[in-house]
Amino acid sequence: MDSTRHYKNPYEDYSTSTGCNIIKTDTNTIHDAFKSSLTSEVNKYIKILKENEKKWLNDDYSVYTGQAGIAWTLYYYGKYYNDHEYINMATEILQKCVTKFKSKHNITFLTGVTGSLALSAVVLQQNKEKVEQLILKLKSLSTNILEKHSNLPDELLYGRAGYLAGLLYVNANISPAPIEADLIKKVVSSIINSGISYASSNRSQSPLMYAWHDKEYIGPAHGLAGILYLLLQARQYLTQEQIDNYIKPSLYFLQKLQFSSGNFPSSMGNSSDKLIQWCHGAPGMPALFCLAYKVFEDDEFLQTAIQCGEVIWKRGLLKKGYSICHGVAGNGYGFMHLFQQTKDIKYLYRACKFAEWCFNYGSHQNLLPDRPFSLFEGLAGVIYFLLDIQQPYLTKFPSYDI
């Protein structure tokens, strides 16, 4: 175990005494006293974010590290507290992002124009004419997605799964769903066929396998777990054959890669049990295996997720920082997936303690993020997490949980 990457967890685990003033056991919700602390911290951080506007109004228009992601946090804050100043601010930023985003090759929710288009469509959905234009632009990107020889990866951050996330997000948040089922089926099939082709040519033991930059990654951001999670969330568009012959056995293959510690390797052939963050390692896995348990009703999937929860609790307070991609806030989401699936109050308590660690934002980190105010690397993501867990049954990791 590499203890140089994380702090020793100073918190006692859940009991009726430690959970006092944090958890309401009669309703399985967050205690008003702790919710008040969350609100206080959120308001403090949103003020800091707004005061530093000039530092994040740059030429990065992505959800991952740019203006679109910060706009998403501002919008979420505005909706949660019914503050139209923040809703309007977010709307203006998103419309600018759609206009300014130049690269046609970046097609994912997180790093491409898909994120700005999808978020703008949801935010502006009362303006039907404007939404139609945004949806048309979003659908037009599918030409590149469905092109067999485009050399496009399949992973979430830069590839086809990231485009699929955008389509699913729009359909989940606009009624009636504006993206045709036929298009989503084609995108899903292109991802599966790509995985079959790669697995076959590289003699993988998994029926689906993918590579990014010549590495077979495992985790949510670049690897098999993230692709399977998006496909499983799109299961209504899959055939039974695709589910039974490719998705399910690939899940069993992935499950066998888990270390005895409960953690997962970052890539195939890598025996290092070091990284415990959403993008690589255990924290991104409860989302997938809780959903797999829900779909396939196999207790082994739930046990895999629970083992992840234990190693996150033990080693998840990272020295690297607080971000949702590779920091403490993102690790806290692992507990929220476990809470939502099991209703075990212990996991909500653990998420709250990770949130409490974020109350001292900036004081326990070895590295300053490249984009310190962004959604996935910086302050906006911490604000999002502290807001999000206040509605524990509705909590969703941005762009990953549809």
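**Helix packing and a buried threonine**

Helix α10 passes α12 in a left-handed crossing (the near helix is turned anticlockwise from the far one by less than a right angle). The model is predicted: local features need pLDDT of at least 70, side-chain atom pairs count only at pLDDT 80 or more, and totals for chains, interfaces and linings use all residues. Residues are numbered from 1 along each chain as its sequence is written, and side-chain values use heavy atoms, without hydrogens and water.

Helices α10 (residues 224-233) and α12 (residues 285-296) pack at an angle of about 40°, their axes 10 Å apart. In contact (heavy atoms within 4.5 Å), Ala225, Leu228, Tyr229, Leu232 and Gln233 of α10 meet α12 residues including Leu288, Leu291 and Val295.

Eleven of its 13 residues are buried, so α15 is largely enclosed by the rest of the structure. Buried means under 20% relative accessible area (1.4 Å probe, protein chains only). Among the buried residues are Tyr347, Arg350, Lys353 and Trp357. Their cover includes α1 (32-51), α13 (299-315), α14 (328-342) and α16 (379-388). At the start of α15, a side-chain oxygen of Asp344 comes within 2.9 Å of the backbone nitrogen of Lys346.

Thr114 sits in helix α5 (residues 113-123). Thr114 counts as buried, at 0% relative accessibility. Its side chain reaches the backbone oxygen of Ile107 at 2.5 Å.

Technical notes
Buried < 20%, exposed > 50% of the residue type's maximum accessible area, 1.4 Å probe, protein only. Helix = DSSP H or I, 4+ residues; strand = E, 2+ residues; numbered from the N terminus. Polar contact = N/O pair within 3.5 Å; in protein donor to acceptor, adjacent residues only side chain to side chain. Axes fitted to C-alpha atoms, helices over the stretch in contact; angles between N-to-C directions.
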